[in-house]
Amino acid sequence: MTTKLFKAKFITLEGMDGAGKSTHIPNIISLLQTRGFEVVSTREPGGTAIGERLRELLLHEPMHAETETLLMFAARREHIANVIAPALARGAYVLSDRFTDATYAYQCGAKGVDAAKIQQLEHWVQVGLQPDLTILFDVPVEVSIQRLSNAREPDKFERENAEFFTKIRNAYLQRAKENPARFRIIDANRPLELVKQSVEEIISTL
Ligand code: TMP
């Protein structure tokens with residue numbers, strides 16, 4: 001089905017901190033490149049010079065949850081204008097480590113920002129742009145916390161407690177339930193090789 005190849009171009013990776021999603025990025029890039037596609041790999045918050053400066057603030061400065069939401073979307077506006085839209089327009093794949101589902105999970109699900117406000121920003125900033133495929137790396141909350149405790153110096157989000165992470169996980173699973181055509185959930189609480197296989201199976205269907 002060659003037509004399918006040209007539809008699923010905007011891929012996002014989601015999951016709680018510690019779910020291990022970023023480990024799989026080099027492999028996804030090389031799987032797509034092997035098939036002759038240009039791949040633009042990027043991340044949120046970030047992906048542009050301004051976005052990366054906002055990321056520094058967002059990850060390290062305490063702020064009101066709505067301020068956080070607005071800054072996430074400010075970074076996203078810049079990201080879409082300068083990276084995502086141009087890449088998609090020239091036919092490249094875009095692989096983004098997080099996108100708007102993270103705002104629904106973290107700012108809405110965990111921090112209580114009104115979903116209707118996020119929807120307004122989403123319509124404004126994305127003008128209908130949505131990922132074609134979202135891979136959700138799902139792990140139990142205890143696993144996420146355990147993995148983070150072994151990791152580098154935690155950022156603001158990574159220092160949150162189990163209740164916060166439970167809300168994030170539930171919000172992500174709810175997003176997946178509401179958007180079944182777009183989401184693929186991977187059980188990331190398995191040996192790396194098995195998770196990698198699941199990722200490869202999903203990418204092979206594109
Ligand atoms: P990362 O560590 O996966 O790069 O993500 C950075 C952190 O930013 C992570 O803890 C999730 C958080 N985040 C939000 O809270 N809202 C968002 O919209 C995005 C994109 C990320």
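Begin by selecting helix 5 and helix 8, whose crossing is right-handed. The model on the screen is a predicted one. Two packed helices are described by the angle between their axes and the distance between the axes. For helix 5 and helix 8, the angle is about 135° and the axes are 8 Å apart. The two helices are therefore oblique to each other.

Now display the side chains at this contact. On helix 5, select D101, A102, Y104, A105, Y106, G109 and A110; on helix 8, select F164, K167, I168, A171, Y172 and R175. Coloured by class, the contact of helix 5 with helix 8 shows nine nonpolar, one polar and three charged residues.

To see where they meet, select V141, S144, I145 and L148 in helix 7, together with A162, F165, T166 and R169 in helix 8. The residues of this contact divide into five nonpolar, two polar and one charged.

Next, centre the view on the ligand. Which of the 14 residues around the ligand come nearest? They are D17, K21, R98, T103 and Q107. Three of these side chains may be examined in turn. In the side chain of D17, an N or O atom is 2.7 Å from an oxygen atom of the ligand. In the side chain of R98, an N or O atom is likewise 2.7 Å from an oxygen atom of the ligand. For Q107, a polar side-chain atom lies 2.8 Å from a nitrogen atom of the ligand.

Remain at R98 and turn to its backbone. R98 is placed in the loop between strand 3 (93-97) and helix 5 (100-110). Most residues other than glycine have a negative phi, and most peptide bonds are trans. The phi of R98, however, is near 80°, a positive value in a residue other than glycine.

For the last stop, select E44 and P45. What kind of peptide bond joins E44 and P45? The bond is cis, with omega at about -10°. P45 itself lies in the loop between strand 2 (39-43) and helix 3 (49-60).

How values were computed
Residues are numbered from 1 along each chain as its sequence is written. This is a predicted model: local features need pLDDT of at least 70, side-chain atom pairs count only at pLDDT 80 or more; totals for chains, interfaces and linings use all residues. Side-chain values use heavy atoms; hydrogens and water are left out. Contact means heavy atoms within 4.5 Å. Helices (H or I, at least four residues) and strands (E, at least two) are DSSP runs, numbered from the N terminus. Ala, Val, Leu, Ile, Met, Phe, Trp, Tyr, Cys and Pro count as nonpolar, Asp, Glu, Lys and Arg as charged, and the others, Gly among them, as polar. A residue is near a molecule or strand if one of its heavy atoms lies within 4 Å of it. A polar contact is a pair of N or O atoms within 3.5 Å; within protein, one must be able to donate a hydrogen and the other to accept it, and residues adjacent in sequence count only if both atoms are side-chain atoms. Axes are lines fitted to C-alpha atoms, for helices over the stretch in contact, and angles run from 0 to 180 degrees between N-to-C directions. Angles under 35 degrees count as roughly parallel, over 145 as roughly antiparallel, 65 to 115 as roughly perpendicular and the rest as oblique. A crossing is left-handed if the near helix is turned anticlockwise from the far one by less than a right angle, and right-handed if clockwise.
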